[in-house]
Each structure stands twice: as structure tokens, then as C-alpha cells.
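Please read them with the sequence and the coordinates open beside you.

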Amino acid sequence: MLKSFDWFTALLYLVLVTIGWFAINAATYNFDDASIFDLSRFPGKQAIWFGISVLVIFVLMFIDAKTYAFWPPVLYVLVMILLAVTPYLASEKGVKGSHSWIQFGSVSIQPAEFGKFTTSLMLAWLFSQYGFKLDSLSSYLKVGIIILLPVALIILQNETGSALVYFSLILLLYRQGLPGTILWAGFSLVLVAVLGLVYGENIVLFLIPFLVIAMYFGFTDDSKSGWWALKVTVFFYAAYFLVKWFVPIPEAVLPYYRFRWIGLAISVWVGCYAIWLYLSKRVGKYLLIAACALGFVGFQYSVDYAFNKVLLSHQRGRIEVLLGLKDDPKGVGYNVNQAEIAIGSGGILGKGYLEGTQTKLSYVPEQHTDFIFCTIGEEQGFIGSSLILILYAILIIRIIMLAERQQTPFAQVYAYCVACIFFFHVAINVGMVIGLVPVIGIPLPFLSYGGSSMLSFTILLWILLKLDASRNVRY
Amino acid sequence: MQHNLELENRRFVVIALVLVVVLIYIARLFYLQVLSDDYISKANDIAFLTRTIYPSRGIIYDREGRELVYNQPAYDVLVTMREVKNLDTLDFCNVLGITREIFDQRMKEIKQSRGYSSYTQQTFATQLTSQDFANVEEALYRFNGFDTRIRTIRQYKYPIAPLILGNIGEVGKKLLEKDSYYTRGDLVGNLGVEKSYEKILRGKKGKEILLRDKHGRIKGHYDNGSMDEAPVAGHDLTLTIDADLQQYAESLMVNKMGALVAIEPATGEILAMVSSPTFDPRLLAGRSRGKNYIELTKNPYKPLLDRAIQASYPPGSTFKPAQALIALQDGALTPTTVLPCHGGFRQGKFRMGCHDGNTSWTMVPAIATSCNGYFGYCLVRILENRKYKSVQEAFEQWKNYMVSMGYGYRLGIDLPGETRGFIPNNAYYNKGFRTSNWKPINVISISIGQGEILATPLQIANLASTIANRGYYYVPHVLKEVHPTADGEIEQVPDTFLHPIYTKVGKQHYEVVAEGMRQAALIGTVRYAGNMDPEGIQLCGKTGTAQNPHGRDHSVFMGFAPKDNPKIAVCCFIENGGFGATYGVPIGTLVIEKYLNGKISDRRKPFETRMLTESTLQYNNSYKK
């Protein structure tokens, strides 16, 4: 078994944990603090959590691989029950109004973190059932229930960020047979909703034709129609901007010369073109494209409407804050701004270890947990922070490679789950810190301070390593 | 496990997605960290607080090493409006010892003041005493948003010489723009040596670079303070002023308007310089500076005017020794030349009266008795000197002599605002008489220091000093020594004060004039209150009774002592004091006696008592008010 063990990933794991430990020290470094080994401080506590993680790793490695494949339903039920009762057990001083932390003596843990590997195991179990294939409505229903149950329970705990993680499993489903159109449509809808709320309709209307045209290229063999639609779109867009910039428009017309009209016209036209193609060629995919095109347009307007009219004001406020549309008093916008300043001030080589000023002085919120990447950005600069991203890319791609070499659907599905979850965490966390993604409070794997996330990611990864090490053992 | 090639290839889509995201993020990082620099300066602005540490201002000593001006801590209470939360106003008012109304009004004022920001510290109250401050400091933790700041204010050991010492006030707009050293709210020297030696006294500002967190709380020094700079205290100054003498002179000048200047001839050092009425320099330090300043500017006797250097008066008969010197040097007269006095100077119908009878004099007795007639003819002789082609050419020469004795231009004392007095030149008279062919008779009044002639008391004292030195003077100054700073920086007394300036008159001629002044003290105009031979002081003096259009004559005395190797030269100028001998001589000689003997002899005590108690203010135009 040691021969088939993936030492490379284990090494990556150690490297990341070590970097994380140094980063946590830098982020919480105080001018008058004496020792970084002081157990009352974050680096010290993180070291303890790492010690516990090592113990857990040993336990995980000694458990027989078959056991992982056998027990998921039981584990899943237990964890779901735990998630369901968490709000009632949650300590009163919940972080940021969430009820997701349970206090055990002096430590508090977040059960939502353990939902991740449980759900992954459960999905893997489902896919490993004899004859299970992702092709029927009932199969989608089963998968849907397994994924959405923890989502619902976690949203009830006011931990929207952790709940969103589960949506990353759509990549796993895609790999297991979900039509690409749906992945693309889902991706497009998220894009339309977020961009629409954040930047307004113009940018969305501008984008919709391209999102639709991409489907011609991606999901039909008919690239001729795609090129044609693209040419029309680019032509009208170019005409619009050329007129706007170079032709003096009469005052009377000016108020009506708005991009939203041309954008809307083109978007609708792309949809109608697909309908026309369907009518002439009778190929179902065109109808799907048409539905997507018109759906996007409709969605764009209904999102605004739903957002402003249907949602209650506090819900709206939450989303606004989530999307960074509004600053709350402590200021989510402020946080991102501070994070950007901290990272931006790092320059190419950074300010040097423990030399960062922005993060050290707690300008950056949650600097040792969700915003840990700031510290690295400020102190290690462009080189250091890019290296961290590359390390994560290597880890995720390595996990995908591990997944692909698995012999059993159980191990493969589980591995993909791990890859998806890591990818989501890294993409959302770093994206949030560098101001590309709305603020969603989820930790950066192995780098962020926190016992629950440390344990959870360790378990997630090391079950995979155990399964991988046993890939040649029949079970 | 079944294999499905299409599905297996989807792993590349997933991998591509991962790579795309990572590349986008790296591009974004590249933009944030490499392409745009403004994040660095933003970060610095936010995190660094560069705080100026003010150096302590140089201390000012008198010539005997007595502290005149020193620093005293004063405490300001500052408020940051944004941070004021849950303030127990009543409690706060009690601690500060103010009423609720004052509190409300003050807060309103702050909010309405120019450049107000709720984020920055605003001054709530200034210059608390240390007792008040102790109370506030103790209770401060209860009041969020309030802070204190220590500043130093100037304190004065003696209530003397406000115009020599000067004071400090908030820096003005002009200076702010001109000198980058200052920032708003800095204190800068105003009047006196505080102003003229500002750059030496102010020291070097230090700075500390502090790190602050998002709440503005100071978290410590940046890089353990390696970038901090300690302030360097300004140079201490030793002045030439003798505090005792100054105090004594001021007390003699009480209730008189005018000025007194005492110079050490051998060095040009000013021993005492009084402008009267004077005021306590402490009025311009501390909390009520602004109010007091306004009151001083409104005072009809203009105490802020330094009469010793900023007022120019007709010098009267103190001008005569200078005339004698010119006449001797230019060969217009010899010491033995006898000139007549027919109850004054007469030419045709014109008569310039003289207090003396019909006597003819040689130079020494003429000076001693201050004979107007003699000096009228003396000026005629000077201006009609055959050496020169015209009266005008001779007059030009006369002017040059006067200028060489320190008249007509600023002497260059190291105090701000000195005026130059006035010595007319050819062009002035040509214009005034509308001819370039005027006669000596037309300008005859300048011979007795009247007419157009104006001089500052300092210039008159300087003349005395020149005669005392028999032909040269040092630029009068108040700076004796500049002490090195703590970091070893040395600053010298300006070079101009260290070299004698010779007049155009030879030493032998000065001996004659000095003898004339000696005789004046013994048997002449000065003798009544000025003969101090019993006290062992060989005084040389000259009275002056300066007519002026504003009322009673000014009483002037100019003198030095002892005759040989003089230690002190004095000019005392009492506006509307009457005859020179009435106030000028007693006050001037008392100062000399005090300086040379350290005390006033019993014989002369009555003079002292009279001078200390009498007032001349009633003769002044401003008296009614």
C-alpha cells in the first residue's frame, strides 16, 4: 500500500499547511507578542489543530478502504441530523449572526464543515451502486436530494457561503454525464444574475448574445450558424459604438440612443434565430438554445424585479452585501477595498515576512481566517501569491488525475467531489480577496486559521489518499 | 468500471476551467500588485501616521546667565467628533470645570470652523494648567474621542523687555507658504529675538512614524522606530541684556513715554533697551494671548511700538557733538576757533535763539553749554567750506559724515522693525526748496538736530558709543552667544556684530568732543543731575531738548562713562519731558550709576525717587483718553 500511496499530494498538503501556519502567524502578529509558539495565540492553536489532524490522518489511513464504501449512508444520516440540530445547539455568540458553531468546552466546531466529506462520500456511494447512471430523472432526483439537503440545512444556519460550496459539485455531475448545455446554462444564469445586479442591464444584454452564440459552437455541430450570429452581433455592436463615438447625435435623439435597446434587440434576435433554425432543421438542440437565449433575457429582467419587489428588505440587504452592492456599517465594501489595498501594496516581491502593515494592523477583516490570502499578497508580493495559486492549481489538477486513475466509481466520484470542493473554496476565497467575486465567507483550504476547516479539509483529502492508495485492492 | 471516452475527455474541460480561473486571478494580482502603484501610497496613507514631535524651543538667558525665557508645558484637550460616543456631558463639564453652555457653544464652534472634519482631532480647549490637566487626564478614559496634547508655551522669569524677548504665536498664512518647515498651527516667533532668531531658536522637528489600525488606534512605532527622528531642541541664546539693569531702567521709565538704550561701547552689546510704556511679556503667552494682544494694539500709548528702534525723533542738541566732529574733521573749525553767540545764531532778520547770553565760545565750552549760536555758525562754516565748490557739495559731504556715524540708515540691530531715521540729502532739499542753490541759512536748524533730522534713540545711543570709542562703533546687538544644540550643531553670532565700523572722523577729534561732553557733565548742561564725580564716575554727557510739533519738548540725554575706557553709553529719550536735564539726564545717569556702581548713592537717591514716581504722560496728546 505504501508503494501506491501518493506522496506527491501528501507533500503538497504539508507545504500548504506550513505556509498557512506562517501566514497565520504573520496575520496575527502583534508588536508586543513574544513567541509564535504561544498556545493562546492563533499560530499556536493552529499547530494544535494540525497535531489533531495528524492523529486523524493516522486513523483514516488505518481504516479499511471498504469501510469508506460501506458506511456513507449511515454517516450521511448522522451528519444531516447533526446539521439539523446545530441551530438549536449553536452557541449564542454566533459569528456574524450565523448559528453554525457548537461550543465544546473551550473549542467551538462548525458541523457544516463536516457536511462536505459526508456528502461527497454519500454521492460516491450512490454512484457506486450497481447500475447507477446519471441519465434518468430519478437519478437526478437522488443526486439532487443528496446535494440539496445539506445546502438547505446549512442555509438554515445562516451560513450561505458554506452552502454554496455544494453547488460546485455540478462539475462532478458534468463529468458523470450531465449535459454540457445545462452546465453552460447554469453558469450563464449565475453570470446574468450577478452581473445584472452588480453592473446593471447593459453589461448583461451585451453578454447574452455571446453566451448564446457560444452554445452553437459548444453543443451543436453547426458552427456555420454560430459564425453568422456572431458576425451579426459584432456588426451591430460595432455600428452602435462607432455612431456613438464618431457621429454627432442630435440632442433630441440622444436620450434614446442607449445601449440597452441594441443589446436587447440583438439578444432577442439571437433567440429568434435559434427558433428559426429549429423550425427549418427540426433539431431539438436549437430549441434549447432559443429557450436559453430568451430565458436569459427574461431572467435578466425578472432578477431585477424579483430582487426589488419580491424579496423582503432584509433579504435584499443580505444579497446586496453579499454582492458588494452596499456597504454595511462595518462595510463589506470596505473590507474588499482594504484587502485590495493590502495586496496591491505588496508589489512584486512583497514587503517581507512580518513586514506587512495593512494586515498586521487589522485593516483587513478576518485576516487570519477568510482573508489570509491578503497577508501573503502583502508580504510575499506578486511572486508569492501567484505561487500559492499555482500550488492550488497543481493540487486540484493532481486530484483530478488521481480521480481519473481510480478503478471504482466510488473512488472516482469521491475524488471529483474533493477536486470540486477545493476548487470552489480557492476560487471563491481568493476571488473575494482580490475583488473579483462577491464577499462569501469561506476559508482557504489549509491556509485559513480554523480547527473545523483544517480538520474537514484534512479528512476530505486523506480519505481520497487512502482510497487512492488502495486503488489496486479489490473491494 | 465502464469507460466512456466522451465523458473521460470532460476532465480536460474541468482542468481547463481550473487553469483559466487561476490565470485570471494571477492576471488580477499582476494588475493589483505590479501595474498599479496607487495601492502602495494608499496603504501608507492609511496605516502610517507621521506625527511631528515638536522640539523644545531654545531658552533665552541674560548676559549674567539668568534665565529670561523658558518653556512650560501647556495642555490642550482635543476632540475627534466621530469617536465621541455615549458622552456623559455633565461629568465631562465637571472635570473640565466648564458649564454646559460653554461646552455646547464650543462644540458648535468646532463644527463650524473652517477645515473641520469629524475624523481628525480638533482643539477643544487650549493651554490648561497642569492642575486642570491632571484632572482631565485622570478621567479621560471615560470620554471616548477626547485626547490631550502637550505643547510648550513660553514663560518669562521677569516681567521685562517684552519687545526684546518677543513671544510666540500661531504661524501666519504668508510664512506658511514661504517656509515649508511650518505646518498649520505651528508656533512661530513674533517680535523681538523670538522673531529675529526664530530659525536658531526653533530647533529641528522630529517625527515618529506610527502604525495605526482601522480604528485609528496607535499600534506602535513602524519598524520599531528605526525611521523615527528625534527632535533637536533649538539653540539656547544668551542675550547681551542685563536683566537687573533692564528692570531698573524700566522702573525709572514708568509713566513716561520714550525710550532708553544702554550700550557697551567696546562691543556694541545692548545692556538695556526700554521702550515705555512697556508691558509684561507674560500677557502674550498662554491662554489669553489673543485677547491681550488686541488690547495692547488698542492702547493709546502704543506699547507694542518699540520706541528705541521703531520711533524716530528729532535728536535735538545731542546732534551737536556730531556737528563738532564733522567741523573738526573737515577743517571747518579747529578746537580753538571762537564762534560768537548773540543770544543765538543771527543772520539778517533770522535768529535761532539760544538759552545762553552773548558769549563767544571755543568748541569745548560750546558743547558743554550746548550753545545754539556756536553750532549755527559751525554748520555755516561746514557748508561754506572753501574745499568744496558749492554748499551742496559740502552738504553731500556732511551727509556722508552723518551716515558714517550711523545716522540715516538702519544700524542693523538684530531686532525686527528697526527704522532708519532721517538724514536729508541734496536731492531732498533741492526738491524742497525748488532750487539747487539754497544757502546754509535755509537748513540751519539741522545744526541743532531739529528740522528734518530724525533719529532713533538707538542711533543717538550709538553716537554716544562712537564718541566713547573715539571713532568707531560695533553694530548694536542683543545676541551675545548661541549655545550649541544637543546634537553638537554650532551657530555663531553673526559676523557683522564682531567688527568695528569706523566713522569718517579721526580719533583726535573725538577727544575734543569727549572733553566737551565731560565738561557738560561737570559744569555744563548735564551738571545738575549728572555730575557723578562724588560717586567716582567720570561722566561725559550731552543734553538735548528736542522741539517737536506735538507739544512739550522731548527731553533727551546722551552720555557715556567713564570718560576713559568707557563701560556704558546711554541714550534716554523722554517724550514731552521738557528740558534734557529734567528727565533725560537723571534717568540716563541713574542707569549709568546703577550699572557701574551697582547701587545709587544716597546723595542721588532723591533723583531716583523722583524719577521712579513722576509721570510725564499728562503732557502727551493721548493722555486725555
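1. In this predicted model, B:Ala259 has B:Phe573, a residue of β20(B), as its bridge partner. The pair can be read in the setting of two strands of chain B, β11 (residues 258–264) and β20 (residues 568–574), which run antiparallel and are joined by six bridges.

2. Helix α17 (residues 457–469) of chain B lies across β11 and β20 of chain B and also across β19 (551–561), and its direction is at about 150° to that of β20(B). Helix α20 (residues 580–597) of chain B packs on the sheet as well, where it touches β11, β12, β18, β19 and β20 of chain B, and its direction makes about 30° with that of β19(B).

3. The sheet itself is open and has five strands of chain B, in the order β12-β11-β20-β19-β18, with antiparallel pairing. Because β12 (269–276) and β18 (540–548) of chain B stand at the edges and have a single partner strand each, one side of each is left without a neighbour in the sheet. Direction ignored, neighbouring strands of this sheet are turned against each other by 10° on average.

4. Of the contacts in chain B with a separation of 6 or more, 73% are between residues 24 or more positions apart.

Note on methods:
Residues are numbered from 1 along each chain as its sequence is written. Chains are lettered from A and ligands numbered from 1 in the order in which they are written. This is a predicted model: local features need pLDDT of at least 70, side-chain atom pairs count only at pLDDT 80 or more; totals for chains, interfaces and linings use all residues. Two residues are in contact if their C-beta atoms, placed from the backbone, lie within 7 Å. Two strands pair if DSSP finds at least two bridges between them. Helices (H or I, at least four residues) and strands (E, at least two) are DSSP runs, numbered from the N terminus. Axes are lines fitted to C-alpha atoms, for helices over the stretch in contact, and angles run from 0 to 180 degrees between N-to-C directions.
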